Amino acid sequence: GVSQPWPVDAKPAGASSFGVQQLAGNVAEWCRDFSGTTYYATSPLLDPPGPETAAQMIVRGMDFNFALTDLTESVYARFGAFPTSQTASRGFRCARKGF
């Protein structure tokens, strides 16, 4: 872990084949899905949309507070957080559909 997020272009050698950088370890990312404590026990396996409403929203991935070797977090980890909560280790990723 480090004490704050890196600038978005700080690790160019780790870019994906599409040029995307820092998919792990910078900030965990807010998603538009709601979080349900029991939802994923019965949800579709592929791209589950989440419950239609809930008090918390999904946050996914690792953040700078965790070492990349920490097995408790990963790029596919998800947890719920209240949308009004703020931390330096949560953010969002701008994305576009298709290439």
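Here's a quick briefing on the sheet and the aromatic contacts in this structure.

It's a predicted model, so to speak of local features we need pLDDT of at least 70, side-chain atom pairs count only at pLDDT 80 or more, and totals for chains, interfaces and linings use all residues. Residues are numbered from 1 along each chain as its sequence is written, and side-chain values use heavy atoms, with hydrogens and water left out.

**The sheet**

- Four strands make an open, mixed sheet in the order β3-β2-β1-β4 (strands are DSSP E runs of at least two residues, numbered from the N terminus; two of them pair if DSSP finds at least two bridges between them).
- On the edges sit β3 and β4 (90-91), each pairing on one side only.
- β1 (residues 28-35) runs antiparallel to β2 (residues 56-60), with four bridges, and S35 stands opposite Q56 in β2.
- β2 also pairs antiparallel with β3 (residues 78-81) over four bridges; here V59 faces F79 in β3.
- β1 and β4 run parallel, joined by two bridges, and E29 has G91 in β4 as its bridge partner.

**Around the tyrosines**

- There's one aromatic pair (Phe, Tyr or six-membered Trp ring centres within 6.5 Å; planes under 30 degrees apart are stacked, over 60 edge-to-face, the rest tilted).
- The Y39 and Y40 ring centres are 4.9 Å apart with planes at 85 degrees, so this pair is edge-to-face.
- Y39 is buried at 18% relative accessibility, while Y40 is partly exposed at 25% (buried is under 20% relative accessible area, exposed over 50%, partly exposed in between; 1.4 Å probe, protein chains only).
- R78 puts its charged end over the Y40 ring, 4.2 Å from the centre (NZ of Lys or CZ of Arg within 6 Å of the ring centre and within 35 degrees of the ring normal).
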